[in-house]
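The structure is shown first, and the account follows.

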Amino acid sequence: MDKIKYFDFPKDETLFGLKPEVGRWFFIPFGLIVLLCLGTVYSWSIFSTHFETALQAKPGTILLPFMVLGVMFTLAMPISGLYIYRFSPRIMTITGGIILGIGYFLSSIAPNLPFLIISYGVIAGIGVGIVYGVPLAVAARWFPERKGFAVGMTVVGFGLSPLVTAPIAINLIKAFGVRNTFVILGVVFTGIILAIAQVLKMPPKRWLPDGYNPEASIKNDIQGSSQSNSNNSVANLPMVQTQSFYGLWICYGVGTFVGLTAIATTAQVGQEIVGLQPEQLGFAIPLFATFNGIGRPLFGWLNDRLKPKLTTIVINVLILIASAIVLNTSQGQLINFLVAYSIFWLCLGAWLAVAPAATLSFFGLNNYPSNYGLMFTSFGLGGLLGIFTIAAIKGITGSYLPFFYVTAAIACIAIVIATFLLNRPHKTAIADFLFKYLISPITPVLLSFVEFWLGSAIPKKSN
């Protein structure tokens, strides 16, 4: 049974003064703007140098706030997915926006690195995680016949954020300093998020766009689905008891292992391999951010046509190609580096559209927010493992280059996994074992913690 709160409107009611089929398109730019605010986390390298100097932090340790934010982002995403059932999208977005603003304000007064890790990494990270999934869920609900495209176009704001927010942040830092810049950005972002939150809502339960046949669509969405499969047999199949969940979770983790590590170490790897100069980052980062943004609608569109299995294989073939380019690049070959890292950033952007769209394709709309919240845990774990792996390789070998043998190897593994596991969801012995003995025992504990936290943080009665 679908537990998500909906608003009901009479037959002749409009949405933003237009027919629902037309008015629903406003949710895409609104969601894009929200994610544009959240995507400033990709510009951490702009702030990190200034904070490193201000806090007199040891070299390299200034990456810790970014790493912690990634982890908290991942942990908070399932909260948003679970509790969008109980609270409206508006309440969840307002709550996350306020927490984000508090995190930015506290970061502006951070006297030392541990304080910055808590304020930016933990508090702001929780805010980002709570808000992030809401515009995606709203877009997916309003566009059941174009879910990959709608989610991809909405999430593009997260990837393109450095194109907009990075130049603004640079100029603000020059004019007001890094601490005042955090205050300004926190106030502006919170204001924008709270304003857009007022209009975020789900469609009525039984509303469908003209000409859309949901039963036929679900059959076509699932690779290898037989004509005898019904809507309920697929959509109601428990996600964590299927091979598709574990296949998609692992492949998503591979994508973020590579992509988030590339983002976090772009300057360092570029300097070692091709002699990238700091001033060259001024055009390299916007170039990479452009590809990251393009990857979302492009691969959302591809996922609607190629289906998750083939789309995942394409992404990992691209990672393999980019890894080979880096491994064959030497000092002065800037073009090679730009091409390879554009592909890495493109593939991360691709996953942030493909993962939610594939979750929808395999497991339906009814439980999408909580399903994708659980799927999104792969994002944080993959990124964390990637950053620790490249740091360990650098410490052991003195070079970043061997890391790209790892990315090439796991891309090949992901291609094999996608081939055999990203098919029509069905129960398997291994998936059932993991569900019974790993997921089921820890779920009540996690839910109890979330219930306690939300019972303190959010009013019981929502509008």
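On a 1 Å grid over the protein atoms alone, a cavity is a set of points where a 1.4 Å probe fits but cannot get out, and its lining residues have an atom within 4 Å of a point. This is a predicted model, in which local features need pLDDT of at least 70, side-chain atom pairs count only at pLDDT 80 or more, and totals for chains, interfaces and linings use all residues. Residues are numbered from 1 along each chain as its sequence is written, and side-chain values use heavy atoms, with hydrogens and water left out.

A search of the whole structure finds two cavities of 30 Å³ or more, a volume being the space filled by probe spheres set on the points, which are joined across faces, edges and corners.

| Property of the largest cavity | Value |
|---|---|
| Volume | about 160 Å³ |
| Lining | 16 residues |
| Share from helix 4 | seven residues |

Phe66, Leu69, Gly70, Leu260 and Phe379 lie nearest the centre of this cavity. Helix 4 (64-83) and helix 16 (377-397) are the elements that give two or more residues to its lining; helices are DSSP runs (H or I, at least four residues) numbered from the N terminus.

Leu160 belongs to helix 7 (residues 147-176). Leu160 is partly exposed at a relative accessible area of 25%, the class between buried (under 20%) and exposed (over 50%), with a 1.4 Å probe and protein chains only. Leaving aside residues up to four places away in sequence, Leu160 touches Leu36, Ala289, Thr290 and Gly293, where contact means heavy atoms within 4.5 Å.

Key:
1 Å grid on protein atoms, 1.4 Å probe; cavity = no way out; pocket = protein on both sides within 12 Å on 5 of 7 lines; lining within 4 Å.
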